[in-house]
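Dear colleague,

Please find below the structure that I am handing over to you.

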Amino acid sequence: MTRATERTAGMVRAVREEQLESSTPCEKFDVKGLINHLEWVAEMFESLGRKGEPVEQGPYAGDFPERAERMLAAWSRPEAWEGTSPAMGLPMTALAHMWLVDMVVHGWDLARATGQEYEPDPDAVARALRFTDQMVEMGRQRGAFGPPVSVPDNAPPFDRLLGTVGRDPAWTP
């Protein structure tokens with residue numbers, strides 16, 4: 001979680017003001033909307049890591065890296081990983097994997113949209129791919145993943161992850 005979060009926070013820090021309205025591979029969001037989504041997700045997962053309730057999404061604040069640090073602090077406690085989320089009804093380990101998928105994929109979204117280099121951690125990709133392979137149908141039903149994008153069976157794991165969650169690995173702005 002930490003490495004993927006730090007990579008994505010670095011992507012966010014490098015976004016320039018003039019890039020905020022740029023489109024992203026995540027069709028729901030432009031760059032500013034995607035960062036706002038990340039802010040909300042960080043705040044929500046901080047609460048969930050403390051066995052709290054989901055939070056409502058607020059307006060863009062430009063403070064994702066700080067929120068991500070608080071989220072990591074919440075999940076650094078061993079009890080954060082124990083049991084089931086009272087708010088979500090899912091094992092806490094599943095929530096941690098949901099966060100990981102968001103960081104790995106949305107980090108790539110931001111990199112592609114803003115022309116930054118992005119090389120995700122291979123272990124994070126492998127974990128995220130295993131999780132999405134198991135949860136893809138639920139993810140699509142809940143609107144978290146888009147329709148699958150076809151990639152070759154022998155494509156690199158990261159391209160397969162992107163295709164599974166509905167991203168075209170060849171996307172360009």
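The expected span of a helix is taken as 1.5 Å times one less than its number of residues, and helices (H or I, at least four residues) are DSSP runs numbered from the N terminus. This is a predicted model, in which local features need pLDDT of at least 70 and side-chain atom pairs count only at pLDDT 80 or more, while totals for chains, interfaces and linings use all residues. Residues are numbered from 1 along each chain as its sequence is written, and side-chain values use heavy atoms, with hydrogens and water left out.

Helix α2

Helix α2 covers residues 31-49; its 19 residues should span 27 Å at 1.5 Å a residue, and this agrees with the 26 Å between its end C-alpha atoms. Of these 19 residues, 16 are buried (under 20% relative accessible area, with exposed meaning over 50% and partly exposed in between; 1.4 Å probe, protein chains only). The N-terminal end of α2 is capped by Asp30, which has a side-chain oxygen 3.3 Å from the backbone nitrogen of Lys32. Just after the helix, Lys51 takes a positive phi of about 65°.

Ser47 is located in α2 and counts as buried because its relative accessibility is 17%. Apart from neighbours within four places in sequence, Ser47 is in contact (heavy atoms within 4.5 Å) with Gly52, Glu53 and Val55.

Pockets

A pocket is an open set of points on a 1 Å grid over the protein atoms alone, where a 1.4 Å probe fits, with protein on both sides within 12 Å along at least five of seven lines; lining residues have an atom within 4 Å of a point. Its volume is the space filled by probe spheres set on the points.

The largest pocket has a volume of about 850 Å³. Its lining comprises 32 residues, and Lys28, Asp102, Gly143, Ala144 and Phe145 lie nearest the centre. Two or more lining residues come from each of α2, α4 (92-114) and α5 (122-141). By class, the lining of the largest pocket has 19 nonpolar, seven polar and six charged residues; Ala, Val, Leu, Ile, Met, Phe, Trp, Tyr, Cys and Pro count as nonpolar, Asp, Glu, Lys and Arg as charged, and the others, Gly among them, as polar.

For the second largest pocket, the volume is about 250 Å³. It is lined by 16 residues, with Trp108, Tyr118, Glu119, Pro120 and Phe158 nearest its centre. Here α4, α5 and α6 (157-164) each give two or more residues to the lining, and α6 provides the largest share, four residues. The lining of this second largest pocket divides into 11 nonpolar, one polar and four charged residues.

Yours sincerely

Technical notes: A polar contact is a pair of N or O atoms within 3.5 Å; within protein, one must be able to donate a hydrogen and the other to accept it, and residues adjacent in sequence count only if both atoms are side-chain atoms.
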